[in-house]
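Here are a few notes to read with the structure open beside you. They cover some charged side chains and a pocket.

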Amino acid sequence: MTLTAEAVRLAAMEVLRPTGATDAFPTLAGAMVFDSKQASVTDLDNVASGDLPYIPVLALYTEDSTIETRGAAADVRDNHCQMTLEIVGELAVIARDEDLDANYVDAVAGSDPEARLVLSAMMAQVRKELLYSERGRLFRRIATHCDKIEQQSHTVPELGLRFQREFMRLTLTIADDELSDEGGLTGRIKTLFDALPAGSYAKAKLSALAAHLAGETRTDLTEITVDPGAGLAAGATLE
């Protein structure tokens, strides 16, 4: 994955789970927004579901990223870059595997019109926050354009199962990573880092990323050697 693709996901984390928020969260998932992982049994145990028999949950993943040159004559840095941000929304419950004698997290199974409306409302909130809201400007600062949105329900037709889980895939145009001899973060990723509030999850992860990016000291050019006997390259002529 490109570094910018990873940064886009972290920016989305800050938008959907704002630093310092305690009860005024932008989606029905509240604080149950996870980075590159599914909620655990412990996570659900620590949250009161209120009147609902399930807990709305979001999980964000960087699915893929692509770098495509703009043509044979293009500069090495002149690329068209895209990524897919996958956001999995579900109405989670703690299920029981009797064979393994263990609990696990799964989405509610079965058709439930009311639950379907809750899930659809949460995914609509995600889209609004990232692509339209004032808070989402942080996300749109690094994801320059949303080219396509795909939304798919989780079904297993062979078994007649329908889960209260939805996959939202955002195809995004993003900037290319800005390659530099400097260590740490550069370009738009550094701009995002500076804009994130102190103590944020995304800022901590970008700081950890920066620690892996060592700088490079180039060898100074000390001399140029010309071989007068080398002659002209094949096919070249003097004018």
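1. A quick definition to begin with: a salt bridge here is a side-chain nitrogen of Lys or Arg within 4 Å of a carboxyl oxygen of Asp or Glu, and a residue is called buried when its relative accessible area is under 20%. Bear in mind, too, that this is a predicted model.

2. Start with Lys203, which sits in helix 6 (residues 201-211). Which side chain of opposite charge is nearest to Lys203? That would be Asp194, at 5.6 Å. Since a salt bridge has to fall within 4 Å, Lys203 goes without one, although Lys203 is buried. Lys203 does have a polar neighbour in the backbone: a polar atom of the Lys203 side chain lies 3.0 Å from the backbone oxygen of Leu196.

3. Elsewhere, charges do pair up, and the count comes to 11 salt bridges. Take Asp35 and Arg9, whose closest N and O atoms are 2.5 Å apart.

4. Now look at Arg137 and Glu134, whose side chains meet in a salt bridge at 3.5 Å, N to O. Arg137 is exposed, with a relative accessible area of 52%. Glu134 is exposed too, at 63%. Back at Arg9 and Asp35, salt bridges with shared partners bring in Glu6, so that Glu6, Arg9 and Asp35 form one network.

5. One more pair to check is Asp101 with Arg96, a salt bridge in which the closest N and O atoms are 2.1 Å apart. Asp101 counts as exposed at 54% relative accessibility, while Arg96, at 39%, counts as partly exposed.

6. How much space lies in the largest pocket? About 210 Å³. Its lining is made of 15 residues, and the ones closest to the centre are Leu3, Glu178, Gly184, Thr186 and Leu213. Helix 1 (3-16) and helix 5 (187-195) are the elements that give two or more residues to this lining. Sorted by class, the lining has six nonpolar, four polar and five charged residues.

Definitions and conventions: Residues are numbered from 1 along each chain as its sequence is written. This is a predicted model: local features need pLDDT of at least 70, side-chain atom pairs count only at pLDDT 80 or more; totals for chains, interfaces and linings use all residues. Side-chain values use heavy atoms; hydrogens and water are left out. On a 1 Å grid over the protein atoms alone, a cavity is a set of points where a 1.4 Å probe fits but cannot get out, and a pocket is an open set with protein on both sides within 12 Å along at least five of seven lines; lining residues have an atom within 4 Å of a point. Grid points are joined across faces, edges and corners, and a volume is the space filled by probe spheres set on the points. Helices (H or I, at least four residues) and strands (E, at least two) are DSSP runs, numbered from the N terminus. Ala, Val, Leu, Ile, Met, Phe, Trp, Tyr, Cys and Pro count as nonpolar, Asp, Glu, Lys and Arg as charged, and the others, Gly among them, as polar. Buried means under 20% relative accessible area, exposed over 50%, partly exposed in between (1.4 Å probe, protein chains only). Lys and Arg count as positive and Asp and Glu as negative; His and the chain ends are not counted. A polar contact is a pair of N or O atoms within 3.5 Å; within protein, one must be able to donate a hydrogen and the other to accept it, and residues adjacent in sequence count only if both atoms are side-chain atoms.
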